[in-house]
Amino acid sequence: MGAGKKDYGIPGTPIFDGDAAQKGYALNAMCYSFNSAENREAFKRDEDAYCAKFGLSPEQRAAIANRNVQQLIAAGGNIYYLAKFAGIFGLDVQDVGAQQTGMTKEAFKAKLVEAGR
Amino acid sequence: MATIVGTIMTSHVPAIGGAIAKGRQSDPYWKPFFDGYPPVRAWLDRVKPDVAVAFFQDHGLNFFLDKLPTFAVGAAPEYPNADEGWGIPTLKPVKGDPALSWHIINTLVADEFDITMCQQMQIDHALSLPLALLWPGGGDWPIRVVPITMNHVQHPLPSPKRSWKLGESVGRAVQSWDSDARVLVLGTGGLSHQLDGERAGFINKPFDLMCMDALVNDPQKLTRYSALDLVREAGAQGTELMAWIAARGATPGRVTKVHSNYHVPISNTAAGLLVLQNEDAALPKAA
């Protein structure tokens, strides 16, 4: 699940601790750069070159190529920076939530509505 | 001395910025959320704050993991908003109040809070969107701000108890500031939500409602939780509640609830709103 070594005993919930932060530094640095529209364009123009510039590990590079949130988190990604990566593709946090829970976006949204009843 | 008029606690989901930009306030999805704010604006018209001291968490706009302060206090003359990666229109910069910032900084360090001092700081949606909800229209902000950020990006996070004490110290600082300014306390974020992991979409309505109730009359009850307790009960990002706890810690006097709203969902989040008035603060004289 998460990239950390310790089990915090909260099911389905990665804790971004020091181990995860060390493992994920390059990936998160790249995603942090996506605050800038210019950098988002540079990534879209040449994804390989952009990832190489940040020194992603093979696991991180594959997770980026797969656009897979669970793999990105396992590779040390922090959700706040990953959200900026998702933004490049016009994906919002409900798309991200649906992907991680294996639900359709509609079903995920219905689950949220249900939680408010 | 400066007067704390009261406190506003509100959620700050990025999607709110998109809804404002597209004029969707009356859409069925958004209406129950936006309808919470006109009574707050009416209250602001009565209490007339000059400056807001705002507790919130930066989400990877101003701070990265290279240097991540647990608590940081802005001391800039102006705070720009910026692109956070999602194409939400950038809002106008908001003016700071360096005199109050430095008074708060001096008080916090004297109280043994080892804070980070920032003469440059970008504010993300956690402050810009609450301002846009309280003072809509896109004009110049009619308020100055002192931003105080709290780490919730990287564990270990500060505790609710420490957040409360931070708020208490800030509250003492404001009340010892030699100024006739009227000061609003803001706490933004929450309530329960989780973006990451197989538990994404987790919301805990009973816990949220318990917290909103406790924040009025028994706020220190919430300081018994650890940061990880909040993750368990309110979701991985529900730890933003700590900004509400700090804001409540800063609120002096006999406190009454002016207004509240709670609506699920906005995006992945249970959206909360709570307005508390300091009954010991005199209302401004009519002009």
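**Close-up 1. The bridge partner of B:Asn261 is B:Leu273 in S10(B).** Strand S10 (residues 269–278) of chain B runs antiparallel to S9(B), and nine bridges join the two. Strands (E, at least two residues) and helices (H or I, at least four) are DSSP runs numbered from the N terminus. The model is predicted: local features need pLDDT of at least 70 and side-chain atom pairs count only at pLDDT 80 or more, while totals for chains, interfaces and linings use all residues. Residues are numbered from 1 along each chain as its sequence is written, with chains lettered from A and ligands numbered from 1 in the order in which they are written.

**Close-up 2. An open sheet of eight strands in chain B.** The order is S6-S3-S7-S2-S8-S1-S10-S9, with mixed pairing (two strands pair if DSSP finds at least two bridges between them). Strand S6 (116–118) and strand S9 (255–266) of chain B are the edge strands, each pairing on one side only.

**Close-up 3. Buried and exposed residues of helix H5 (residues 58–66) of chain A.** A:Gln60, A:Ala63 and A:Ile64 are buried (20 or more other C-beta atoms within 10 Å of a residue's own; exposed means 12 or fewer, partly exposed lies in between, and C-beta atoms are placed from the backbone). Seen down the axis of H5(A), these buried residues fall within an arc of 100° and so line one face of the helix; the arc is that of the directions from the helix axis to the C-beta atoms. On the other side of H5(A), A:Pro58, A:Ala65 and A:Asn66 are exposed. Just after H5(A), A:Arg67 takes a positive phi of about 50°.
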